[in-house]
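Colleague: I'm new to this one. Could you walk me through how to read it?

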Amino acid sequence: MFSVNFKGMPNPKDKRLAKIEMILFRTGYNRTPKVLSITGLYKDWDQKTQSFKAKSSDSVSKNQELLDLKVKYLSVAESWEKEGKEWSPIQWSHCFESKKGPVAAESKPEKVKVLTISKCFDIIIEDMKNRKRFKNGKVISSASTARNYHYCRYTLRDFTKEVYNRSFSTYYFRDIDEQFLLDYVLYLQERGAKRGNKGGVNERVRQFYGVFYYSAKMGQPDIDTSIFLCVKQHYKRNRKTTPKTIPYSIIEQIEEMDKSSFSDLEQFHIDLFLFSFYTGGMANI
């Protein structure tokens, strides 16, 4: 099932005018809004009829534009259904666009390859294996991060097989909802308890969120990161930590203490620590 509806709301830039959105829907996917260039007085917009209620020639013309637009988009969806094409509302919203701008209705819609989550894992992991960054004067590899994403996928593979009796390789982003995440966290916690650890819940949830984040940047449809709010405590680094700084009064005590009972090497370590402090935090190594 699919549908096209119109929604009017006050334009943020001018409350007197209406901001019209076309809402594209297909069963199993999130609704996709598309802002239209068609506008008019907000007081003339009728949400029930999804049209302008004024009887002026201008309103009649705008209502006809909306109707033509609806028919045009529905015809594309109907043709895709007949072809047995796998498509999403996001692809539908861009079907009359190209890099050069709007194209004619008879043009072929832009093809967007919808990947499974497992395939997205492959791409992200491969990218991380080859990614390097410069930190503290050294070139750092992201290979260890790639390994962690591997482990995350392994836990998801085991989870979907044991809990849902379904292969993880068949999951798309549209299949993931809040209940899936809650069940996944519970699975990790129970498995961790059997092994005498915490199950790596925080790390795995953050990595799974990372897959959503990177896949969205890749242009994959049906990605809704807001579902992670139900497990927010596991992927947000909001734990309070004790500051590791040393008060200056302690530094003074170390400097003035009686060091006669220390060996020459221990005294050297203390002097080196104080030297590092007074030179502005130079690494004592």
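Modeller: Let's start with burial: a residue is buried under 20% relative accessible area, exposed over 50%, and partly exposed in between (1.4 Å probe, protein chains only). By that rule Cys 95, at 2% relative accessibility, counts as buried, while Cys 230 has 23% and is partly exposed. One caution: this is a predicted model, where local features need pLDDT of at least 70, side-chain atom pairs count only at pLDDT 80 or more, and totals for chains, interfaces and linings use all residues. Residues are numbered from 1 along each chain as its sequence is written, and side-chain values use heavy atoms, with hydrogens and water left out.

Colleague: How many disulfides does the structure hold?

Modeller: A disulfide is a pair of cysteine sulfur atoms within 2.5 Å, and the structure holds zero.

Colleague: And how do I read aromatic pairs?

Modeller: A pair of aromatic rings is described by the distance of the centres and the angle of the planes. Rings of Phe, Tyr and Trp (its six-membered ring) pair if their centres lie within 6.5 Å; planes under 30 degrees apart are stacked, over 60 edge-to-face, the rest tilted. The count here is 21 aromatic pairs.

Colleague: Which charged end sits over the ring of Phe 96?

Modeller: The rule wants NZ of Lys or CZ of Arg within 6 Å of the ring centre and within 35 degrees of the ring normal. Over Phe 96 sits Lys 72, 4.7 Å from the ring centre. Likewise, Arg 166 lies over the face of Tyr 171, 3.9 Å from the ring centre.
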